[in-house]
Amino acid sequence: MLSEGRDGSCDLTGVKVFIVEDESLVAMQLEDMLLDLGCDVVGLAMRIKGAHEIIDSGIPIDVAILDVNVSGETVYPVAERLCSSGVPIVFATGYGREGVEERWHGCQILQKPYTLQQIETSIDRSRP
Amino acid sequence: MQQQAGDTLLPRLVAGLGRPSGHGGAVEEPDFAGIFEVLPSPFMVLDADLRYVAVNRAYEEATLRSRQELLGRGLFEMFPNEGESGRRLRASFDSVFATGEPDTIAFIPYEIPRPEWQGGGMEQRYWSATHTPLKAADGSVRFVVQNTVDVTEIVRIKEAQSLPFRNVPGELALLKHAQDVEEAYQETVSEGEAFRRLFRQAPGMIAVLEGPEHVFTFVNDSYQRFVGGRDLVGRTVREALPEIADQGFLELLDAVYTRGETVSGEAMPITIQPHPDMAAVEAFIDFTYNPISNAEGAITGVFVQGSDRTEAVRASQHQRTLMDELNHRVKNTLATIQAMARQSFRDVGDLDEARYAFESRLLALSRAHNILAERRWESAPLTALLKEELGSFAEQRVRLDGPEILLSAKSAIALAIVLHELTSNARRYGALAGEAGVLAVQWSGEAQTSGQTLEVDWQEARGTDAPGAPVHLEPGYGVRVITRIIEGEFGGTLALDLRETGLICRFKIKLFEAGDIAV
């Protein structure tokens with residue numbers, strides 16, 4: 001699991017991650033990366049509707065990694081809900097920082113493509 | 001003669017010209033010298049050397065010079081002017097002496113020296129002058145009488161109203177100046193008209209505003225078109241263009257008018273609404289506001305120049321959007337390739353095989369991009385995607401049957417990946433391994449209110465010559481990708497059925513709309 005040369009300075013074992021990402025391959029890769037980091041992927045939504053359903057289910061979430069544009073809709077309503085229940089957010093978008101509304105610039109923002117190390121750092125920094 | 005005082009000169013002068021002195025009736029001879037003296041309008045008489053031989057009181061007042069200073073002296077000695085005005089004045093006198101015909105200078109700026117007791121220096125004045133010949137008995141011109149009117153005040157008022165088009169003739173009419181002034185002015189007028197026409201037809205927007213309330217005194221066609229053909233002249237900017245009141249332009253005009261600064265803006269957004277019932281239109285303009293000053297340097301108005309840059313701004317915004325979109329697509333594509341590489345090289349047993357799998361996935365993605373690029377990334381026909389994967393097989397081995405369906409870019413790329421994984425599995429373990437197997441792909445689509453659906457039926461019939469391995473569906477990446485795309489990305493249904501005769505894969509999905517492209 002440490003084959004990619006992580007420094008192992010932070011332990012993300014068991015961190016419950018919720019993913020919103022509409023590109024299948026990218027979503028699968030993110031799942032794999034999170035599994036490699038020892039995280040627990042508690043939900044993967046590829047549509048906004050699905051994302052709301054997962055939040056509705058009340059499943060515990062430690063961190064959310066959100067694509068910004070999800071099949072033609074923005075992810076911000078989902079981000080609002082997560083934010084109001086205190087879930088830290090990492091945005092991951094092909095547009096980079098400029099692709100994220102300014103009010104969310106306080107959050108961690110990843111530009112695709114990203115590495116396992118970047119995911120690790122972002123999750124670590126996003127958490128209180 | 002030039003040494004004599006003007007008071008006594010005129011009667012003799014008149015007599016010398018052989019003027020008839022009445023017909024002997026009972027009518028009392030008027031005192032012409034007295035009349036000359038008290039005429040309310042400035043008069044003076046010059047000899048052929050352009051020396052003063054007579055001036056009246058009004059002339060003394062107008063020129064700030066006494067007759068003692070003037071008489072016997074040359075006009076250009078007293079009021080030198082090396083410029084255009086001096087040449088014009090001299091030419092007018094020359095013309096009267098040469099032709100014996102009166103001449104008029106309807107409007108002439110002419111500086112005069114201010115006397116020491118008034119502070120000295122030069123004072124800019126505007127004049128209107130009529131030059132009339134006084135002829136000797138032989139018809140030769142001996143003197144010229146000038147009647148001049150100081151129109152400085154009127155010009156200044158008018159200047160404020162109509163810069164840069166000094167509209168003097170109308171003002172002279174007000175003055176009830178001689179009719180010939182009007183006639184002589186026609187030429188000047190036509191010159192002014194030509195100038196005005198030039199501005200009117202200029203491609204850029206031009207307007208002239210006067211006073212602190214910014215009253216339109218001139219607008220050209222381009223400007224008028226821009227604001228929807230509204231009547232502007234005589235109205236304030238606030239009255240004529242109420243919708244721009246809160247867009248910051250009035251404040252800029254105020255700044256130009258009060259502080260004399262030049263203000264300009266590039267590609268400034270402006271909302272124009274020609275009528276309250278009409279839709280507001282957003283436009284972009286470049287503009288410059290220049291203060292208009294009078295001779296004293298006081299600001300009297302604002303000269304507005306502008307150009308409509310809406311199309312250029314829109315084009316550049318569109319280009320910006322395309323660049324953002326391109327960047328987004330490239331990044332997403334890189335992320336997809338990264339995922340492919342990661343999956344292809346994960347848990348590698350055979351590195352060559354892994355490299356082959358990666359490269360064929362990369363090529364499948366690239367071919368899908370080609371199909372989309374040929375159609376400007378607007379759509380890709382499903383048959384084109386299938387033929388890219390399966391086109392190398394003979395028709396009797398691969399049967400494709402279904403209506404043409406146009407896929408959006410997002411749908412096309414996702415389906416291309418699914419078809420590639422199914423095809424490469426069929427090549428290795430299924431109907432396309434060996435020479436005898438048959439693959440039948442049937443599909444149907446129907447448009448629904450919530451978007452088009454697509455149903456695909458992929459049926460493999462393994463050949464007898466297929467490798468001895470049992471019917472196989474590679475676990476791991478292939479199945480995972482297909483499942484994720486069909487069930488997750490498309491939110492569709494998937495049925496994978498491994499039979500002795502081969503794989504049967506059925507899926508039903510709702511296609512992404514064109515608007516979902518690359519998001």
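A nonpolar core, as the term is used in these legends, is a set of buried Ala, Val, Leu, Ile, Met, Phe, Trp, Tyr and Cys residues joined through C-beta atoms within 7 Å. A residue is buried if 20 or more other C-beta atoms lie within 10 Å of its own, exposed if 12 or fewer, and partly exposed in between, with C-beta atoms placed from the backbone. The model is predicted, and local features need pLDDT of at least 70 while side-chain atom pairs count only at pLDDT 80 or more, whereas totals for chains, interfaces and linings use all residues. Residues are numbered from 1 along each chain as its sequence is written, and chains are lettered from A and ligands numbered from 1 in the order in which they are written.

**View 1. The nonpolar cores.**
The largest nonpolar core has 85 residues, and those with the most contacts inside it are Leu66(A), Leu385(B) and Ala412(B). Helix H16(B) gives the largest share of this core, 12 residues. Leaving out residues up to four places away in sequence, Leu66(A) touches Val20(A), Val75(A), Val78(A), Ala79(A), Ile89(A), Phe91(A) and Ala92(A), where two residues are in contact if their C-beta atoms, placed from the backbone, lie within 7 Å. A second, separate core has 27 residues, including Leu209(B), Val215(B), Phe218(B) and Val227(B). In soluble globular proteins, nonpolar side chains tend to be buried together.

**View 2. Helices H15 and H16 of chain B.**
Helix H15 (residues 382-390) of chain B packs against helix H16 (residues 409-429) of chain B at an angle of about 30°, with the two axes 10 Å apart. Because of that angle, H15(B) is roughly parallel to H16(B), a word used for angles under 35 degrees, while those over 145 count as roughly antiparallel, 65 to 115 as roughly perpendicular and the rest as oblique. The axes are lines fitted to C-alpha atoms, for helices over the stretch in contact, and angles run from 0 to 180 degrees between N-to-C directions. Helices (H or I, at least four residues) and strands (E, at least two) are DSSP runs, numbered from the N terminus. On the H15(B) side the contact is made by Leu385(B), Leu386(B), Glu389(B) and Leu390(B), and on the H16(B) side by Ala412(B), Leu415(B), Ala416(B), Leu419(B), His420(B) and Thr423(B).

**View 3. Where chain B meets chain A.**
In this view, 23 residues of chain B are in contact with 19 residues of chain A. On the side of chain B that touches chain A, helix H13 (310-344) and helix H17 (477-489) of chain B each supply at least two residues, and the largest share, 11 residues, comes from H13(B).

**View 4**
Chain A has four helices and seven strands, which follow the pattern β-α-β-α-β-β-β-α-β-β-α when read along the sequence. Of the 128 residues in chain A, 41% are buried. The peptide bond from Lys112(A) to Pro113(A) is cis, with omega near -10°, and Pro113(A) is found in the loop between strand S7 (108-111) and helix H4 (116-126) of chain A. Ser71(A), although not a glycine, has a positive phi of about 50° and is placed in the loop between strand S4 (69-70) and strand S5 (73-74) of chain A. Ser71(A) is buried, because 21 other C-beta atoms lie within 10 Å. Most residues other than glycine have a negative phi, and most peptide bonds are trans.

**View 4. His214 of chain B.**
His214(B) lies in the loop between strand S8 (205-210) and strand S9 (215-219) of chain B. Phi of His214(B) is near 60°, a positive value in a residue other than glycine. With 25 C-beta neighbours inside 10 Å, His214(B) counts as buried.

Ala48(B) has its place in the loop between strand S1 (43-47) and strand S2 (52-55) of chain B, and it counts as exposed because it has 12 C-beta neighbours inside 10 Å. Apart from neighbours within four places in sequence, Ala48(B) is in contact with Phe97(B) and Arg142(B). Ser92(B), in helix H6 (residues 84-99) of chain B, counts as buried, with 20 C-beta neighbours inside 10 Å. The C-alpha atoms of Ser92(B) and His131(B) are separated by 7.6 Å, although these residues are 39 residues apart along the chain.
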